[in-house]
Amino acid sequence: MSLKILIIEDEEKIARFIELELSYEGYSVTKAFDGRTGLELAEASEFDLILLDVMLPQMSGMEVLRRIRRTSSVPVIMLTARDSVIDKVSGLDSGANDYITKPFAIEELLARIRTALRLVKAEPSEVLSASGLLLDTSRHTVTFMDQAVELTKREFDLLHFLLKNKGLVVSRETLLENVWDYDYAGDTNVVDVYVRFLRGKIDEVFNIKLIHTVRGVGYVIKDE
Ligand code: CA
């Protein structure tokens, strides 16, 4: 199977040129011409690497990166038009793996891509756990006693956020902000619905008490 690369770049000529070169190298390529569409694609399917322009319409590259990093450790190489130190520093601070200044030689980009892909493979995965449940962020799997738990992306993100904050009571508003982003302002019922989905797939199936309700406050995952 070929490695999947997402290009988020509003200059369509550049995006198409990179796509052509990467396809020739055997990568499978998806393109987005604005930040919001790029983020949606990044959240909707698994990519092995993302090339992300800094200056984008709809949503800036930095904002796209920040949101991707809430749930994913996919390698991201920033494309920046300006050779600005600020861009590089803030990009790397927000979790970019590398950056490359436009215009660049395609050989240079290919070399950076190979390096970023190698680094990720060598990186140890982050495994979060509670009450015998394991969530592996890099392999995107959830297991209990070696049994796989099949979750949708939203369920996975919700569980991931609660596990990251294990022992802390998280309010519905905080969950909405961090797991749902911008679309659901006001209606926190959706959080309760997804907590029910998770309990149905985990607590009830394995007969454990993983997600606790704190009345009037929110939810908490505790180690039992
Ligand atoms: Ca641009």
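OK, let's start with two helices: α6 and α7 are oblique to each other, because their angle is neither under 35 degrees (roughly parallel), nor over 145 (roughly antiparallel), nor 65 to 115 (roughly perpendicular). Before I go on, this is a predicted model, where local features need pLDDT of at least 70 and side-chain atom pairs count only at pLDDT 80 or more, while totals for chains, interfaces and linings use all residues. Numbering runs from 1 along each chain as its sequence is written, and side-chain values use heavy atoms, with hydrogens and water left out.

So, back to that pair. The angle between α6 and helix α7 (residues 172-180) is about 125°, and their axes are 10 Å apart. (Axes are lines fitted to C-alpha atoms, for helices over the stretch in contact, with angles from 0 to 180 degrees between N-to-C directions.) On the α6 side, the contact uses Arg154, Asp157, Leu158, Phe161 and Leu162; on the α7 side, you'll find Thr174, Leu175, Asn178, Val179 and Trp180. Contact here means heavy atoms within 4.5 Å. Sorted by class, the α6 and α7 contact has six nonpolar, two polar and two charged residues.

Now, which other helix does α6 come within 10 Å of, axis to axis? That's helix α8 (residues 189-201), and the axes cross at roughly 90°. That makes α6 roughly perpendicular to α8. Arg154, Glu155, Leu158 and Leu159 of α6 meet Tyr194, Val195, Phe197, Leu198 and Lys201 of α8. By class, this contact of α6 with α8 has six nonpolar, no polar and three charged residues.

Glu155 sits in helix α6, which covers residues 153-164. Is Glu155 buried or exposed? With 4% relative accessibility, Glu155 counts as buried (under 20% relative accessible area is buried, over 50% exposed, in between partly exposed, with a 1.4 Å probe and protein chains only). Skipping neighbours within four places in sequence, Glu155 touches Glu150, Tyr194, Phe197, Leu198 and Lys201.

Helix α2 (residues 35-44) packs on helix α3 (residues 61-69) at an angle of about 20°, with the axes 10 Å apart. That makes α2 roughly parallel to α3. Gly35, Leu39 and Ala42 of α2 make this contact with Val64, Arg67 and Ile68 of α3. The class count for α2 with α3 is four nonpolar, one polar and one charged.

On to the metal. Which residues coordinate the calcium ion? They are Asp10 and Asp53, each through OD, and Met55 through O, at 2.1 to 2.3 Å. Donors are N, O and S atoms within 2.8 Å of the metal, or 3.2 Å for Na, K and Ca; water is not among the atoms, so sites may look incomplete. Along the chain, the calcium donors follow the spacing D-x42-D-x1-M. Asp53 is buried, at a relative accessible area of 2%.

Last stop, Val127. You'll find Val127 in strand β6 (residues 127-130), and Val127 is partly exposed, at 44% relative accessibility. Leaving out neighbours within four places in sequence, Val127 contacts Leu134, Leu135 and Asp136. From Val127 to Leu163 it's 36 residues in sequence and 10.0 Å in space, C-alpha to C-alpha.

Technical notes. Helices (H or I, at least four residues) and strands (E, at least two) are DSSP runs, numbered from the N terminus. Ala, Val, Leu, Ile, Met, Phe, Trp, Tyr, Cys and Pro count as nonpolar, Asp, Glu, Lys and Arg as charged, and the others, Gly among them, as polar.
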